[in-house]
Amino acid sequence: MSTTAPDPLATLGALPGVADAVDSVRKAVDRVYGHRVMRRRSSEVTAEAALRGARGSAALSGADWNLEEVRRRTDFSGDDESQVIGAALRLTAEAGQLLSIWRQSPLRVLARLHLVAAGGAAPDDAVGRPRLAGEPVDEPLIEAPLPGADEVAGRLEGLSGLILAGSAAPALVTAAVAHGELLALRPFGSYNGLVARTAERIVLIGSGLDPKSICPAEVGHAEQGRAAYVAAFEGYLSGTPDGMAAWIAHCGRAVELGVRESTAVCEALQRGAA
């Protein structure tokens, strides 16, 4: 009798429709990586993808600024929207630096991401740690019931265990689950959406699907709109096969839209327009 533990992520990868989403994402990513501009100017595409990804993630968190305004601004210490934009930019810059730690201790990375996002905006004792019982959470986009502190701690450990154990599941599935679980838990007092989307980015980069970080899923999440994002997330919360498959497909479409954005950047660089 086999004693091999089941792989829950691989089980999700076998849901109807998920394989098609995974295949579509892989083909889209391969196309942009094959663009001739990527041979010599990939660092420029990466930098632009980071900026656009940060703008998209901030838009979902209520700071929907024009890209050129994000590019132009240097001070993000003012009002709430400015702070959200600044947090998103810092997180995007930090994501690629945490890959090796993510593979060893996802919880340390999540703590670091919240510390980076908060940037001194929250009380020191609340930054970089999961919230305690009774502590408030500021996450206006997500109105789902808030899990208690004990449940948060247990499920964070479970998510960490899944990451550390590895999986035969495609990167898209793992990234979508990390994203969805962090949105569901909202483990920190602030910036949970930004942290969740950055975790998705880290999985996509670290898995090798998007090693140069040129496929900003955050762009695609924002382009699909806040209502569609929340509706797809409700599928994740349902825990049903159809709901989970819909969330994974939504995340896959977000990656494809991010690919489209970076393809446009490549074309502009090729024309000398960017």
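How many aromatic pairs does a search of the whole structure find? I got five. My cut-offs: rings of Phe, Tyr and Trp (its six-membered ring) pair if their centres lie within 6.5 Å, and planes under 30 degrees apart are stacked, over 60 edge-to-face, the rest tilted.

Ground rules: this is a predicted model, where local features need pLDDT of at least 70 and side-chain atom pairs need 80 or more, while totals for chains, interfaces and linings use all residues. Residues are numbered from 1 along each chain as its sequence is written, and side-chain values use heavy atoms, without hydrogens or water.

Entry one: W65 and F76. Their ring centres are 6.5 Å apart and the planes sit at 35°, so I noted the pair as tilted. W65 is in the loop between α3 (38-60) and α4 (67-72), and F76 in the loop between α4 and α5 (80-95). (Helices are DSSP runs of H or I, at least four residues, numbered from the N terminus.)

Entry two: F233 and W247. I found this pair edge-to-face, at 6.0 Å centre to centre and 70° between the planes. F233 lies in α12 (residues 226-238) and W247 in α13 (residues 241-271), so the pair ties together parts 14 residues apart in sequence. Y229, F233, Y236 and W247 form one aromatic cluster.

Which of its residues are buried? I listed Y229, A232, F233, G235 and Y236; buried means under 20% relative accessible area, exposed over 50%, partly exposed in between (1.4 Å probe, protein chains only). Just after α12, I saw G239 take a positive phi of about 75°.

How values were computed
Helix = DSSP H or I, 4+ residues; strand = E, 2+ residues; numbered from the N terminus.
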